[in-house]
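Hi,

Here is the structure I promised to pass on. Have a look at it first, and then read my notes below.

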Amino acid sequence: MASDTKRQNSGARVAVALPKADAAATGSQTVSLDIALQQAVGSRVRLNLVATGQPAVTGVVFTADPLTNLLVLNTVSTSSTVITASSLAAPSGTYRIIPISQISSFQVLSLPPPNPEPTNPALNAIDTNATQARLAKSIAAKQAAQARLGPKGTTPTDQALFEALSRTMPATWSGSGMLISDTYLIEKPYDAANVRFVEGRHGDLERMKKVVEMERQKVRLKLSKNLLDGKMGSDKSPAKSPSPSQMKKGG
């Protein structure tokens with residue numbers, strides 16, 4: 001059984017005794033009431049009030065504030081959350097605020113259970129391996145995108161032709177030429193007539209020339225359409241009506 005803490009020296013100090021189950025605190029030690037209550041945060045206590053006829057109050061100590069001289073007690077706890085001195089959120093329950101000056105003594109009924117979590121747990125542990133993998137993947141993607149760009153002087157039509165061919169066949173830049181499937185080399189100005197075999201390689205050269213010519217025509221048509229659409233979209237001024245001097249009689 002735990003022994004009651006008793007007020008001494010005009011209510012300034014009390015004798016605190018913890019439950020006998022705690023072998024490390026078998027004796028009592030006289031400390032100030034507010035400090036004793038601060039040390040009891042998370043413990044279940046029974047408070048005896050100064051006012052005559054007031055029943056004892058039982059609950060879990062949430063906080064004892066020395067600045068406001070107030071005690072916050074959870075009298076009906078509905079949560080299994082452990083309260084510690086570093087708790088940031090109050091567990092669910094019914095709370096009662098009691099001035100410490102109105103407490104004559106208190107008894108510690110039970111100590112708080114041990115908190116398995118560290119006081120300041122890392123909210124989001126960083127997986128360095130995953131971070132390095134994402135970084136390497138991002139760098140590789142940027143390098144691949146850079147490698148797809150033609151050499152200095154490559155026109156939008158030439159770049160679009162390269163992109164079109166690379167969608168169906170492996171394509172890389174080899175100097176100023178387009179290397180397709182490690183077999184065909186398309187040199188400037190990247191027409192069908194400029195397609196040849198890479199030395200030592202064989203394939204269907206005529207078919208490759210037809211593919212290049214077809215893709216080039218499609219690219220030119222697409223770019224022309226985009227250019228036309230751009231001009232039409234930028235022309236927002238209304239059409240001007242002809243002046244009377246420009247109108248012909250009988251027209």
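Is Y95 buried, partly exposed or exposed? With a relative accessibility of 30%, Y95 is partly exposed (buried means under 20% relative accessible area, exposed over 50%, partly exposed in between, with a 1.4 Å probe and protein chains only).

Before you go on: this is a predicted model, where local features need pLDDT of at least 70 and side-chain atom pairs count only at pLDDT 80 or more, while totals for chains, interfaces and linings use all residues. Residues are numbered from 1 along each chain as its sequence is written, and side-chain values use heavy atoms, with hydrogens and water left out.

Now the rings. There are 4 aromatic pairs in the structure (rings of Phe, Tyr and Trp, the last by its six-membered ring, with centres within 6.5 Å; planes under 30 degrees apart are stacked, over 60 edge-to-face, the rest tilted). F62 and Y95 are edge-to-face, because their planes sit at 80°, with the ring centres 5.7 Å apart. F162 and W173 are stacked, since their planes are at 20°, and their centres are 4.9 Å apart. F162 is buried at 1%, and W173 also counts as buried, at 15%. Ring pairs join F162, W173 and Y190 into a cluster.

Y190 turns up again beside R216: among the residues R216 touches, leaving out those up to four places away in sequence, are T157, L161 and Y190 (touching means heavy atoms within 4.5 Å). R216 is itself buried, at 8% relative accessible area.

Cheers
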